[in-house]
Amino acid sequence: MNPVPSFEPLKNSFQQKIFSLRNIFSTKQFILLLALVLLSPLSWAEEALPVAEDPAIEKRMLALSEDLRCLVCQNESLAGSRADFANDLRREIREQLKANKSDQEIIDFLVSRYGDFVLYKPPVKPATYLLWGGPFVFLLTGAGILFFYLKRRRKQIEEPPLTEEQHRHAETLLKENKGNNA
Amino acid sequence: MIPELGNFALILALLLAVTQGTLPIIGAAHGIHSWIALARPVVQGQFVFLAIAFGCLAYSFVSNDFSVLNVARNSNSELPIQYRIAASWGSHEGSLLLWVFMLSAWSVAVSVFSRHLPDEMVARVLGVMGLVSVGFILFLLVTSNPFDRLFPAALEGSDLNPLLQDPGMVIHPPMLYMGYVGFSVAFAFAIAALISGQMDAAWARWSRPWTTVAWVFLTIGIMLGSWWAYYELGWGGWWFWDPVENASFLPWLVGTALVHSLAVTEKRGSFKSWTVLLAICAFSLSLLGTFLVRSGVLTSVHAFATDPARGVFILAFLVIVIGSSLLLFAWRAPKVGLGGKFDLVSRESMLLANNLLLMVAAGSVLLGTLYPLIMDSLDLGKISVGPPYFEAVFVPLMTPAIFLMGLGPLARWKQASLPELMLRLRWAFGVSVITALLMPFVMGEWKPLVSFGLLLAFWIIATIFVSIRQRLHNSGQGGLFTKLARQSRSYYSMHLAHLGIAIFIIGVTLVNGYETEKDVRMEIGSTVTMGGYTFRFNGASPVSGPNYQAMRGDIDVLRNGEKIRVMQPEKRTYNASGMAMTEPAIDTGLLRDLYVAMGEPLENGAWVVRVYHKPFVDWIWFGCLLMAFGGILAVTDRRYRLKIHSKHVETAAVADGKRVANNNTGLATGGRKA
């Protein structure tokens, strides 16, 4: 799959919208409308409607699409992307959720259509054993090497006991140090 | 003419780099003083020619010379001047030129600030850096020449990616590269030490400030990148575990381990070979990161394979650098001394355990980043490795590391007692558990993950308090402030950086736990309320930027019915590329961000608008800044400023004093020097 960003359609619809906006309002009307809005008391203001019709389904959809990849984007999740592809797929998920499908069923459906690539959490299968097991192997090997290295190291360094002279030297150093601190 | 001059300067720089990479090293090996003395002037000459080359490239961009392929592809005559300059490092070729230019800047810095080092050492260090430079300049000249001409010249350039047309993106890459390249100094010191076999506490002391400065740049670079993603990508995320981000995070993880390991090598003479290995790893990952991001291998393995010249060169270069340094390591490291003895429970072993965790984390992130590439190139199928994987791996690894972060600074060098530590830290532990359990209620809802994150953060903060209290208790007489003033900067710098981690964790935890988001259809005049704020949409109007057209929304923010500010998010379309960009409006605050982004236009002047309330999100970057500031403070510590006068005293001290005066080594040497 070539990750060509689908900006063209987005741009076109965007420009159309700008032009249609200009067609609907003349400047005069716009200013009038703006004045009306600005002068209107706050009680006039309506609470904006959520884009989603059903908040419960929207929440589940978002949770699901967070871990799914937008296939035409450059590494964006379905939840984050606003590309047409992502919009369509989110709609698809919403519809399937409405049809009472479980999360797993939807994921299975998407994988059968787009392959494992759509999952941000790669499935555990022979080809990914190394991926999922790797961190444990690293940790165990590292800890093992560290342990044996430290053990061997302690044996290797048998620190020679200090001679009488070194003791005196150390004491003067420590005293000097205290003196400086005081 | 100017691009040809740049090209010529680049060739001259290559010749000087070859000289720098050979003669001083040979001279140091055979005691040829005139060759050793070559190192500094050659470094400075190379810098001058690379500066000329870079200046020529920047000039081509600024003057819209579309007969240069690189300019035609990455710039446009409408592009504002600051972004035309930034476009010089916006492309693959330009960024590599910036990389090698920075390498030469670091080399000049080493040549200037190394008057107190033995000449042979400097010659070897600069020689190694010269060899790295040879590789990069060759790569530029052979496969990615930024000065290649385009015949016939283009009438207009195809523009810089609009995502990069942002002040954050102007400084982010140079910062990041300063970090990447900075690790080359640590690497060069390590290789020089392996070659000469001279690796003692003095060596660690020389190489430590350089490493810390590189780490500071990398920290700031990553922070800027994350901040940029937050306000530029338009949906308010700040870290995506994207391969590009991972590429910069890997050297950071290993660099962090290196900074800590160097501390042990300097103070206790231990971990020498481990420190050298880390320095090699950090720089290798910096190289890997540069190439991963810049070669296009991440976007598509196949696109990369269609242009094999670059790929083969990169692989060969990586194999030569990593392979030869590891071979050298395997050959020389066993001859390096072991350093002081320490017990299984001691500050040394805790730092070593923390190092292990950081390295395992780095290894896992590397595995997750490369795995899809490897699978794809072996035709085993395409998979994506994203946030769920990295979070599942990273969090469990960092939890014990953060626990150790609290213990380490309180444990004694050499031999610590676990029961004693537990006794000293029981209050810190109790306080952090109770606060972590209660805090979520203050935020409105108790969530286990929030509580857990806060526990980690409060544990760090509480142990910092305990550590400072104990330190003051042990530092003689005098009032609180005299005692506070008596502690070294490096002591404070450590706690400051650790505090940065705590602040960072608080930010991450709270924004993940309590962020609210609303995706609404806003009619003109309609409102949406969230987190105690009311947003009123007054419509959107068209505006033109220098090289884009935009619709700018006008949104009043009200609190308790009073208007506190206007937010103006934009939806832009760039003229040259036709790319649409969301430019959110953000109201930054200490305890929360308000974040508004325009979605799609609807009928009657209504818009889909996304509104976010993000509690504590800025603490994420504030935490990073604290870490960086901690690093800066560490570099300004007295012992680095004093070293010029006390070189001889110091070497003597290293020889006999280190082993004897155990706990207060830092203080003892400091006292003697003063």
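Which residues is B:Ala186 in contact with, leaving aside its neighbours within four places in sequence? The list is B:Ser207, B:Trp210, B:Thr211, B:Ala214, B:Leu258, B:Ala279, B:Ala282 and B:Phe283. This is a predicted model.

**Nonpolar cores**

- The largest nonpolar core has 193 residues. B:Ala186 and B:Val254 have the most contacts inside this core.
- Helix α8 of chain B, residues 201–232, gives the most to the core. Its share is 19 residues.
- Another core lies apart from the largest one. It has 25 residues, including B:Met522, B:Phe535, B:Ala540 and B:Tyr548.
- In soluble globular proteins, nonpolar side chains tend to be buried together.

- B:Leu176 sits in helix α7 of chain B, which covers residues 167–196.
- Is B:Leu176 buried or exposed? B:Leu176 counts as buried because it has 26 C-beta neighbours inside 10 Å. The cut-off for buried is 20 or more.
- B:Leu176 touches B:Leu218, B:Gly221, B:Gly225 and B:Ser248, not counting residues up to four places away in sequence.
- B:Leu176 and B:Val557 are 381 residues apart along the chain. Their C-alpha atoms are separated by 36 Å.

- Helix α6 of chain B runs over residues 119–143 and has 25 residues. From first C-alpha to last, α6(B) reaches 36 Å, close to the 36 Å expected at 1.5 Å a residue.
- α6(B) is mostly covered, with 19 of its 25 residues buried.
- Helix α14 of chain B runs over residues 387–407 and has 21 residues. It reaches 30 Å from its first C-alpha to its last, close to the 30 Å expected at 1.5 Å a residue.
- The buried residues of α14(B) are B:Tyr389, B:Phe390, B:Val393, B:Leu397, B:Ala401, B:Met405, B:Gly406 and B:Leu407.
- What do these buried residues of α14(B) pack against? Their partners are α6 (129–156) of chain A together with α13 (347–377), α15, α16 and α18 (489–514) of chain B.

**The α15–α16 pair of chain B**

- Helix α15 covers residues 418–443 of chain B, and helix α16 covers residues 448–473 of chain B.
- These two helices pack at an angle of about 145 degrees. Their axes are 8 Å apart.
- The crossing of α15(B) past α16(B) is right-handed.
- On the α15(B) side, the residues that meet α16(B) include B:Arg424, B:Leu425, B:Ala428 and B:Val431. On the α16(B) side, the residues include B:Val450, B:Leu454, B:Phe458 and B:Trp459.
- The residues of this contact divide into 15 nonpolar, four polar and one charged.

**Backbone details in the loops**

- The peptide bond from B:Phe151 to B:Pro152 is cis, with omega near -10 degrees. B:Pro152 is placed in the loop between α6 and α7 of chain B.
- A:Asn100 has phi near 65 degrees, a positive value in a residue other than glycine. A:Asn100 is in the loop between α4 (84–98) and α5 (103–114) of chain A. A:Asn100 counts as exposed because it has 7 C-beta neighbours inside 10 Å. The cut-off for exposed is 12 or fewer.
- B:Trp241 has phi near 55 degrees, again a positive value in a residue other than glycine. B:Trp241 is in the loop between α8 and α9 (243–268) of chain B. B:Trp241 has 20 C-beta neighbours inside 10 Å, so B:Trp241 counts as buried.

**A strand residue in chain B**

- B:Thr516 lies in strand β1 of chain B, residues 516–522.
- B:Thr516 counts as exposed, because 11 C-beta neighbours lie inside 10 Å.
- Leaving aside neighbours within four places in sequence, B:Thr516 is in contact with B:Met530, B:Gly531 and B:His613.
- B:Thr516 and B:Leu484 are 32 residues apart along the chain, and their C-alpha atoms are separated by 42 Å.

**Chain A overall**

- Chain A has seven helices and one strand. Along the sequence, the pattern is α-α-β-α-α-α-α-α.
- Chain A has 182 residues, of which 18% count as buried.
- Take the contacts in chain A between residues at least 6 apart in sequence. Of these, 49% join residues at least 24 apart.

Terms used. Residues are numbered from 1 along each chain as its sequence is written. Chains are lettered from A and ligands numbered from 1 in the order in which they are written. This is a predicted model: local features need pLDDT of at least 70, side-chain atom pairs count only at pLDDT 80 or more; totals for chains, interfaces and linings use all residues. Helices (H or I, at least four residues) and strands (E, at least two) are DSSP runs, numbered from the N terminus. The expected span of a helix is 1.5 Å times one less than its number of residues. A nonpolar core is a set of buried Ala, Val, Leu, Ile, Met, Phe, Trp, Tyr and Cys residues joined through C-beta atoms within 7 Å. Two residues are in contact if their C-beta atoms, placed from the backbone, lie within 7 Å. Axes are lines fitted to C-alpha atoms, for helices over the stretch in contact, and angles run from 0 to 180 degrees between N-to-C directions. A crossing is left-handed if the near helix is turned anticlockwise from the far one by less than a right angle, and right-handed if clockwise. Ala, Val, Leu, Ile, Met, Phe, Trp, Tyr, Cys and Pro count as nonpolar, Asp, Glu, Lys and Arg as charged, and the others, Gly among them, as polar.
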